[in-house]
Amino acid sequence: MLPLAATARLQGQARLAGSRIAQRIPSALRIASAPMARARAFSLFPKAAYASSASSEKVPLSSERYPYLKRDPSFKKLSQEDIDFFTSVLPPSAISQDDGDLEPYNVDWMHKFRGQSKLLLKPSSTEQVSKILKYCNDHKLAVVPQGGNTGLVGGGVPVFDEIILSTANMNSIRSFDEVSGALVCDAGCILEVLDNYLAEKGYIMPLDLGAKGSCHIGGNVATNAGGLRLLRYGSLHGTVLGLEVVLADGTILDNLSTLRKDNTGYDLKQLFIGSEGTLGIVTGVSIMAPKRSKAVNVALLGVSSFEQVQAAYKRSRDELSEILSAFEFFDEASINLVKKHLVAGNNDPLESSHPFYVLIETSGSNKDHDDEKLTQYLEGLLTDEIVQDGVVAQDTTQFKNLWSIREGIPEACSKTGPVYKYDLSIPVPVFYNMVEDMRARLNEAGVIGEDKDVEAVVGFGHIGDGNLHLNIASKRYSDKVAKVIEPYVYEWTAKHAGSISSEHGLGVFKSPYLHYSKSSNMIDMMRRIKKMMDPQGIMNPYKYLPEEKQ
Ligand SMILES: O=C(O)CC[C@@H](O)C(=O)O
Ligand SMILES: [Zn+2]
């Protein structure tokens, strides 16, 4: 078997019969270094943190954009007495009433949602969180919990004058068990910091997101973040072992268990995973870290149709199943935006453009074995003309560069202005019909183009998780555009028995549409749970559950 380097550049040769494959590989060998040099050009943009470069000044108030939202008059307005109480609990450095300080906490990173909070609290212990919530509950002061503020549905920023309770000062690792891999940490630990800590010990965080440099693990849990390797490690509903949560009335639910198996009573932690801060604040997390793989490979492939993307995925499950750790796809419109907005020059790791791209990652324990498996798989795809072209990363820099293209898509989409973002769970065979339908609808409405409201309609996502990301990158908000997209996108999803949010959650953006994915009995049950756990409704109001019709 040829070493992996031999397939560093895989050139599709449509007329090549299977028996002549051996002749093709040596020719691939000869050009192995050239495309990788091009791939290096993709390292030019920072991706350590999600950061929007545009000014946040022009972001309209959420209450203006969503006029149906009305401040609940039963919530108390802040008084000096309240400030005096918080000053007795927290040091001065952990309290801010300054509009300038509050700006990045009032506005989400996409610059789509703006709240009007006048108070930011940054407790550093669970006891402080408990005292704050008890006080807020007793005085009916509304609270929005906030982690790294990388959410995509306006769930982590206030709508009106809710007090912002940030977990930024709660960032200690409490314990790590090097035998079982159980990690216990504060909610405000940054995902990437945790992953780097575990890397030194030969472990890995079981989730990975483009926002890893900024997002907090508590926020990940509260939103049930999915990410790039859910295919391999499963969802947080499986990997979280225990949680410490402060309830609305200040009660501390201490369940930072590190047990893998615990069959005693209702599994309450599951209720908080994905509850978006509406039932309580996650202050501590216990999570199962898997062993870090010793051999990791990444390949980027150019594919001519979405049918072929599916064929490549199906085959990867047959041929790479035990080492497959990510299978992502994106369309040409996605890479075009990355090239236009994030990469200097018009570099491309592949020789020419393709309608679709697939990024495959394998993570195993035996490099030779994995190289051989991946090589066989890629050769098969080429022989059967499932892919047209491809590169395999040869070192860590190239590995990062290839991932940067995929991880850079959300940032590239937001470069010219607001993005209409949809994260849909729908059957993979109809994935791309959604994107094409939407493109056709917007074209027909005459809103796509250079001097029009919409810059591009892009489709990408986690094929292995059945999760499509549909992004409509725009230059400005427009009612006309919004009406072409919604409620069509939700109706279409419901028609295909899908979910209107596969991983980003509901927040303020999707809560009115919950009925497209959940029955009225289920929504009713959710309301009852909310009322039982937060009878005053102080926890992250105006979000998650649709407004109750009076
Ligand atoms: O911005 C998006 O629509 C997707 C963000 C994230 O879930 C991703 O998969 O990159
Ligand atoms: Zn995603």
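Accessible areas here come from the Shrake-Rupley method with a 1.4 Å probe, and for residues only the protein chains shown count as cover. By that method, the protein exposes about 22400 Å², with carbon and sulfur atoms supplying 51% of it. Before going further, note that this is a predicted model, in which local features need pLDDT of at least 70, side-chain atom pairs count only at pLDDT 80 or more, and totals for chains, interfaces and linings use all residues. Residues are numbered from 1 along each chain as its sequence is written, chains are lettered from A and ligands numbered from 1 in the order in which they are written, and side-chain values use heavy atoms, with hydrogens and water left out.

Let us start with the whole chain. The protein has 19 helices and 17 strands; helices (H or I, at least four residues) and strands (E, at least two) are DSSP runs, numbered from the N terminus. Of its 550 residues, 56% are buried, where buried means under 20% relative accessible area, exposed over 50%, and partly exposed in between (1.4 Å probe, protein chains only). A contact means heavy atoms within 4.5 Å. Among the contacts with a separation of 6 or more, 76% are between residues 24 or more positions apart.

Now to the metal. The zinc ion (ligand 2) is coordinated by His462 and His469, each through NE2, and by Glu503 through OE, at 1.7 to 2.1 Å. Donors are N, O and S atoms within 2.8 Å of the metal (3.2 Å for Na, K and Ca), and since water is not among the atoms, sites may look incomplete. Along the sequence, the donor residues follow the spacing H-x6-H-x33-E.

The residues around ligand 1 are Leu152, Arg406, Pro410, Lys421, Phe460, His462, His469, Asn471, Glu503 and His504; a residue counts as near a molecule or strand if one of its heavy atoms lies within 4 Å of it. By class, this shell has three nonpolar, four polar and three charged residues. For these classes, Ala, Val, Leu, Ile, Met, Phe, Trp, Tyr, Cys and Pro count as nonpolar, Asp, Glu, Lys and Arg as charged, and the others, Gly among them, as polar. Helix α15 (396-413) and strands β16 (454-462) and β17 (467-474) each supply at least two residues of the shell.

Which side chains have a polar atom 2.8 Å from an oxygen atom of ligand 1? Glu503 has one, and so does His504. For Lys421, the distance from a polar side-chain atom to an oxygen atom of ligand 1 is 2.5 Å. Taken alone, ligand 1 exposes 290 Å², and the protein buries 92% of that.

Elsewhere in the chain, Asp186 sits in strand β7 (residues 182-186). With a relative accessible area of 7%, Asp186 is buried. Leaving aside residues up to four places away in sequence, Asp186 touches Met170, Asn171, Ser172, Arg174, Ile217, Thr283 and Gly284.

Asn366 belongs to the loop between β13 (356-364) and α14 (367-383). At 39% relative accessibility, this asparagine is partly exposed. A polar atom of the Asn366 side chain lies 3.0 Å from the backbone nitrogen of His369. Polar contacts are pairs of N or O atoms within 3.5 Å; within protein, one must be able to donate a hydrogen and the other to accept it, and residues adjacent in sequence count only if both atoms are side-chain atoms.

Some backbone details are worth a look too. Most residues other than glycine have a negative phi, and most peptide bonds are trans. Asn149, in the loop between β4 (143-146) and β5 (163-166), has a positive phi near 55° and is buried at 13% relative accessibility. Tyr542, in the segment after α19 (520-533), has a positive phi near 70° and is buried at 11%. The peptide bond from Glu486 to Pro487 is cis, with omega near 5°, and Pro487 lies in the loop between α17 (479-485) and α18 (488-495).

Helix α18 also holds Lys495, which is exposed, with a relative accessible area of 66%. Lys495 and Tyr516 are 21 residues apart in sequence, and 9.0 Å separates them in space, C-alpha to C-alpha.
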